[in-house]
Amino acid sequence: MTWELLRNCGTNYELSSTISLLGGLAAFYIFKSTPNRIKWFGILLIPLFYWLFGYGIFVFILLLIIDQLRGKQYIIPVVFTITSIIIPVATRQHYHLTTSQAYQYPASSFIDKPDFQFEKLLALSVESSSGHWGKVATLTEKDPQKSSIIAYFYNLSHGMMGDLPDKILETYQPGPLGLLIQLKPTTPLFSIWNSSEAWFQLGDMTMAEHSAILGMIFSPKHRSAKMVMRLAEINMINGDTAATSKYLIMLQKTWLYKQWAQERIPGHESEYVKGWLKEKRSLIPQQDTLRAAFDYQRSLRNLLQTNSQNKLACDYLLCYDLLSKDINAFMNDYSLYKKGQIPGKLYSEALVLGLIQKHATAQEVQSYYIYQKVINDFNNYSQLYNQAVQSNDFGLLKSTFGKSYWFYYSFAKFKQS
Amino acid sequence: MKISVYIAALLIVLTLSGCGSQPNHAQKVSGQAPIYPDYSNITIPVNIAPLNFLLRNKPNKTQVLLCGKKDTLTVNGNDKVIFPIKEWKNFLSVEAGHRINVRLAAEINGKWVEYPPFFWDVAPDKIDRYVTYRLIEPGYEVWNSLQICERDLENFDERVIADNNQLGNACMNCHIHDNRNADISMFHLRGKNGGTILNKQGKIRKLTLKNDNMISPAVYGDFHPSGDFGVFSTNVIIPEFHAKGNIRMEVYDTQSDIVVADFNNNRMLQSPLISATPNSLETFPVFSADGHYIYFCTAQAVKLPEQVKKLKYSICRIAFDAKTKTFGNMIDTLWNARQTKQSACHLKASPDGKYLLFTVADYGTFPIWHREADLRLLNLQTGKTDNLKVVNSDRSDTYHSWSSNSRWFIFASKRGDGQYGKPYIAYLDKNGMAHKAFVLPQKDPSHYDETLKSYNLPDLSNNKVSFSSSDIENAYENMKAEQFK
């Protein structure tokens with residue numbers, strides 16, 4: 001019971017694996033109730049049990065061995081065990097399984113246990129899907145672990161609340177990978193699942209759809225209600241009624257998502273859905289361009305060309321430039337999309353760096369409305385930095401300027417995904 | 001004698017009354033029946049599996065009456081109409097060459113309604129019995145679960161002939177037959193133990209179709225009718241994403257050439273006219289039905305991705321002599337992209353040598369995500385191109401193959417949901433007139449509603465392939481790939 005309970009905590013747990021276990025127990029019960037003189041016929045049932053219960057036959061065999069050994073019977077357990085070992089290998093081609101899969105089908109793992117860190121990630125996923133960005137921010141701020149996925153949720157939640165530039169350097173950042181998740185063969189399933197969220201909120205439906213389809217592809221049994229819902233939403237925003245209907249028809253057949261789907265049937269959307277659609281459609285690109293999957297800057301710039309008021313896209317682009325330490329790109333993008341506004345702390349610090357690098361004139365510096373305090377701070381930073389390099393003691397520099405962009409620019413090393 | 005006359009008369013009466021009988025008091029309605037898939041007014045092969053369908057308005061009961069010239073068949077259902085396979089086969093065999101009127105009545109909210117009838121023309125020309133296709137989720141660049149399956153078109157049997165679950169999740173390209181003969185077939189298996197899997201009468205070979213002069217391993221290909229050669233493109237393929245959400249993906253070549261593989265001598269044959277041509281791109285090669293020509297698509301190289309919309313491929317051909325293993329010294333243009341302002345891809349020559357079926361799109365080489373992608377039929381004798389208006393849809397129609405008798409072709413269409421490719425079948429009558437296409441029937445008519453897989457490159461054959469998924473697993477794991485020079 002404990003074993004099965006623990007297995008229930010696995011992310012790939014399937015109900016059919018519990019049924020297999022119960023099937024194995026039932027098979028043993030039948031065997032135990034069978035008169036001794038016909039027990040041998042049980043061997044003929046092993047293929048049937050495997051067909052019905054998969055790995056459950058090993059539960060049956062284990063109990064049979066214990067039972068028979070207690071009765072000092074040795075031949076039946078040996079013969080039955082050998083048969084049970086042969087059957088999965090002999091039949092695996094029929095089910096297109098590998099050898100190891102054949103011995104544990106339909107379970108995907110024999111041992112599991114609760115993973116509270118993963119539970120927290122699931123909570124982040126659910127809260128972000130529900131738009132509870134404050135909760136997501138709180139959950140990520142309290143998290144001690146330094147990981148790309150936590151940084152991703154942290155950044156997205158603050159992006160959605162509009163204070164990303166103010167908050168981004170207050171926590172661990174794995175370079176630009178904390179803003180948008182790179183989809184590669186090594187990307188963990190959970191990251192793939194959630195990678196569409198940022199693109200969806202930004203308004204890039206192609207990338208959101210790409211991520212959502214991959215989320216579906218890599219889900220257990222290649223099915224995920226969450227991804228089907230997301231695909232329906234994306235196609236609603238794109239105005240692709242035919243594709244929307246495909247996903248809604250699937251959801252209408254479910255108990256949990258039927259109502260959700262009903263409210264989104266093209267032409268019969270609820271008032272709330274209509275308002276949501278209008279808002280989302282204002283963000284999607286109006287002009288087409290081609291970009292590589294990892295050319296995030298180009299994607300974000302394209303969103304801003306459609307809607308320069310897309311604050312999330314603007315903050316993501318500028319923060320992406322900065323986390324990539326691409327000061328030239330930042331200066332160009334800032335000039336295009338942000339110049340004329342009074343910059344916050346992060347952008348001011350980066351602007352100072354950029355303006356020094358390009359040997360800007362005093363007049364040019366003035367045009368960015370940078371507070372004098374920031375310029376004074378940079379002078380202090382430079383002084384402390386030189387002292388730290390000479391003494392090889394960076395303690396004071398870190399305690400004074402550890403949350404500044406200058407410190408990030410000088411010391412951050414990119415983590416590969 | 002007298003008794004048999006009575007029986008015959010009784011049968012005639014029953015038949016006639018059967019054609020006339022629908023549920024009592026059924027109210028006739030004018031709108032078309034909301035059936036899915038759309039099987040209204042189509043031409044079907046005499047050996048096709050039952051055209052099971054459902055009604056979108058979810059009636060409690062339905063009654064379908066098939067009235068042929070010689071026989072009738074009545075089937076009752078709920079919101080799904082499932083024909084019993086044995087009766088279906090008998091009925092179709094009796095009605096070969098005839099028109100079947102389909103009368104459909106449904107009980108909705110306790111009231112019976114009768115929809116306007118539609119028809120099925122039963123063509124006596126058979127379609128090849130088997131089709132292979134690759135089942136894949138329509139992801140853009142990444143795959144997980146892939147299967148190559150073989151479906152029996154006369155029933156609903158489907159068997160998996162390769163499953164990448166057993167192949168270290170390696171990518172598999174689509175499976176093609178030689179001249180609709182499953183005794184010779186091939187597909188590319190990628191991954192660390194990959195190679196081109198060549199099947200000849202069940203004997204599997206694993207080939208590395210790449211030499212130092214090629215820019216990549218072999219990609220798009222086709223068999224010579226002899227089965228001794230294969231013609232392939234070798235491409236540098238770049239996938240990129242469109243910004244506009246409903247256009248999705250573009251895949252283009254920055255370099256491409258054409259090579260011929262000599263399977264008996266493990267050599268790659270090349271011509272300077274279609275290989276190592278830096279200013280032009282050549283791809284999608286196929287052999288003509290007699291094997292004397294290679295048809296291929298070619299375009300002038302342009303600056304990519306900036307000028308991708310100017311990337312338009314024409315259809316050309318070059319002679320090939322299988323005996324001397326030599327190429328011709330001139331290239332003929334059969335379909336000129338400059339004149340049509342469209343781009344051709346996915347060429348398939350009909351077995352009778354009369355036609356070339358191909359796909360056109362506004363530009364590029366990746367019609368799957370091009371909504372405007374349509375099939376075209378080039379008459380190789382007259383040079384005229386039929387736009388196959390009755391066959392095409394407002395979504396991508398491509399990845400086609402011919403049946404042995406050149407009367408049927410099957411293709412993947414994204415019509416309906418726009419996302420998932422489904423195999424559609426169309427008839428080309430003896431006058432070269434195409435008929436409305438219909439989707440491959442499934443046992444459960446809601447199958448296409450519920451599947452999240454695309455059917456890639458349906459390829460017809462008149463017999464079953466002689467290998468199984470275990471042979472492919474064995475080739476992947478234990479076979480050393482043969483090198484080509």
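By a salt bridge I mean a side-chain nitrogen of Lys or Arg within 4 Å of a carboxyl oxygen of Asp or Glu. Between chain B and chain A there are six salt bridges. One of them pairs A:E209 with B:R248, and the closest N and O atoms there are 2.5 Å apart.

Before going on, some bookkeeping. This is a predicted model, where local features need pLDDT of at least 70, side-chain atom pairs count only at pLDDT 80 or more, and totals for chains, interfaces and linings use all residues. Residues are numbered from 1 along each chain as its sequence is written, chains are lettered from A and ligands numbered from 1 in the order in which they are written, and side-chain values use heavy atoms, with hydrogens and water left out.

Back to the interface. Contact, meaning heavy atoms within 4.5 Å, involves 39 residues from chain A and 43 residues from chain B. The two chains bury about 3600 Å² between them, with 53% of that on carbon and sulfur atoms; buried area is the accessible area (1.4 Å probe) that two parts lose on being put together, summed over both. Chain B and chain A also share 30 residue pairs in polar contact, both residues at pLDDT 80 or more. A polar contact is a pair of N or O atoms within 3.5 Å; within protein, one must be able to donate a hydrogen and the other to accept it, and residues adjacent in sequence count only if both atoms are side-chain atoms.

On the chain B side, β13 (158–163), β19 (229–242), β20 (249–262), α4 (447–450) and α5 (469–478) each supply at least two of the residues that touch chain A. Helices (H or I, at least four residues) and strands (E, at least two) are DSSP runs, numbered from the N terminus.

Two strands pair if DSSP finds at least two bridges between them. A:R291 has B:F241 in β19(B) as its bridge partner.

What does A:Q286 contact, apart from neighbours within four places in sequence? The answer is A:R281, A:T306 and B:K244. A polar atom of the A:Q286 side chain also lies 3.2 Å from the backbone oxygen of A:I284.

Now the sheets within chain B. One is an open sheet of five strands, ordered β14-β15-β16-β17-β35, with mixed pairing. β14 (176–178) and β35 (482–483) are at the edges with a single partner strand each, so one side of each has no neighbour in the sheet. Inside that sheet, β15 (residues 181–189) and β16 (residues 195–200) pair antiparallel over six bridges, and B:I184 is bridged to B:K200. Another open sheet has three strands, β2-β4-β7 of chain B, with antiparallel pairing.

Three backbone details to finish. The peptide bond between A:Y105 and A:P106 is cis, with omega about 5°. In chain B, the bond from B:L304 to B:P305 is cis too, with omega near 5°. A:K325 is not a glycine, yet has a positive phi of about 60°.

Lastly, confidence: chain A averages a pLDDT of 91, and 99% of its residues score at least 70. pLDDT is the predictor's confidence in each residue, from 0 to 100.
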